[in-house]
Amino acid sequence: MAVVAGLGLWAAGATDLPDNAFPRVVTATMVASVGGVVNGSGEAGGLVDTEASLTVIPLSVTLTGALVIGWGFLRPLRHRTRAEPGVAAVWAARLGALWLIALIGLSLAARQTFDVPLEEAGPADLADFFGIEPTVGFAADVPLSVLFGLLWLAGVLVLALLVSRRAPLPASLARLETTVRPVAYAMVALLLACVAIGVVIGLVVAGTRGHPTRTLAVLLLGLPNVVWPALTIGMGAAWDGHVDGPFALPLPHILDEALRGPGTSTLDLGTLAQQDGRAWWLLVVTAVLLPAAGAVTAARTPGRPSAWRNAVRMAVALFLTVLMICLMGRISADYGLSVWGIGDLEGALSGDVFLSPRVWRALGLAVVWGLVAGFVGALLVRARLRRSRDGIAEGRPD
């Protein structure tokens, strides 16, 4: 996680920050990636109001940590032929203890203060006259960061057990083997497929259109922040957003152009297609990936589940998956500095960014797409099995 966060921030230009702040920014990014709380702060004396806040989860770092921790947790369990809850609990406790120590250390280190250069905004003489020396910074909330980080770890371990077919479940949870594991695996595969497609597109863009460091920053910091909301947009969902000011958040050019404007912009298939007609491919990709996920669910379910049962499971799973995307894909950032009763220091010292989903529209579409994709996927699996049986029958001697 530290390597991915460090490389992504390097590509985004964070190494140019003053006061040797780069390592602390890396630790703050890691804290934020596991659900930790990093608060902005400002101080400039009684005449000046400063504001700085950032709410965004760098999901590339989050995904990297989840994959590595999940793999490490499942590795000693895969070679066991029977369920032993005590073994899984021991491994989870060991990971939890190490994770707790790491969280405390990262949260304590994730704090930094920067001086704001007022001369770049114009009123340097005013600042000297009143003795204004504004500063902004950030600091992790240690108790909340540790709490949310432990909850994140618990969620990763539970999801790893649900997804892995080779890790045995205790007898009390045996029913999950047929009802939850297949569709949980399909949802994880769906999200990873989106990320893989995004990586390929990002590498092509970096190699053909220039700006390789900016593209690398998107890949290493926020690729799921882009491709997972794009999946919901391909389903017909919409996101509201706005970009104003000199923010350097790693956003693809098409999103930056669509969000910059006098007011709140809407991101959906129509508005993205106005910026680039190739946005309609989102609908095509979605129409391929979701039935494929439904087919994976049906194929991994023991026995032969009915098409409608498979459809209902897909609808519930896709509902929860889209809800997770809506909660984790939000972005909110703003900063500013003003002198009370004298003027507003705009320009280089002011800006805001936000991106939020229309949740109920997205969830309703997720249910509809899940029902259709699950039903179609089950029919595809049935057709494949029927062709296999027919081929075997034709090959038998009379």
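Author: The model is a predicted one. Leaving out residues up to four places away in sequence, S60 touches V4, V218, L219, L220, L221, G222, L223, P224 and N225. S60 itself sits in helix α3, which covers residues 59-74. Its relative accessible area is 6%, so S60 is buried.

V4 belongs to helix α1, and L220 and L221 belong to helix α9. Helix α1 is made of residues 2-11, and helix α9 is made of residues 212-234.

In general, two packed helices are described by the angle between their axes and the distance between the axes. For α1 and α9, the axes cross at roughly 150° and come within 8 Å. An angle over 145 degrees counts as roughly antiparallel, and α1 and α9 are therefore roughly antiparallel to each other. Their crossing is left-handed. On the α1 side, the residues that meet α9 are V4, A5, L7, G8, L9, W10 and A11.

Helix α13 runs over residues 307-328, and α9 packs with it at an angle of about 130°, the axes being 10 Å apart. That angle makes α9 oblique to α13. As α9 passes α13, the crossing is left-handed.

Helix α13 can be followed to an aromatic pair. Searching the whole structure gives two such pairs. One of them joins W308 and F375; it is tilted, with 4.8 Å from centre to centre and 50° between the planes. W308 lies in α13 and F375 in helix α14, residues 359-395. The two are 67 residues apart, and the pair links distant parts of the chain. The two partners also have their own accessibility values. W308 has 58% relative accessibility, so W308 counts as exposed. F375 has 26%, so F375 counts as partly exposed.

A further residue shows another approach between separate positions in the chain. D244 lies in strand β5, which covers residues 239-244. Its relative accessibility is 38%, so D244 counts as partly exposed. D244 and G261 are 17 residues apart along the chain, and their C-alpha atoms are separated by 7.7 Å.

Last, the setting for these details. The protein has 14 helices and nine strands. It has 398 residues, and 41% of them count as buried; S60 is among the buried residues. Of the contacts with a separation of 6 or more, 75% are between residues 24 or more positions apart.

Methods
Residues numbered from 1 in each chain as written. Predicted model: local features only at pLDDT ≥ 70, side-chain atom pairs only at ≥ 80, totals over all residues. Heavy atoms only, no water. Axes fitted to C-alpha atoms, helices over the stretch in contact; angles between N-to-C directions. Helix = DSSP H or I, 4+ residues; strand = E, 2+ residues; numbered from the N terminus. Parallel < 35°, antiparallel > 145°, perpendicular 65-115°, else oblique. Left-handed = near helix turned anticlockwise from the far one by under 90°. Phe/Tyr/Trp six-rings, centres within 6.5 Å; stacked < 30°, edge-to-face > 60°. Buried < 20%, exposed > 50% of the residue type's maximum accessible area, 1.4 Å probe, protein only. Contact = heavy atoms within 4.5 Å.
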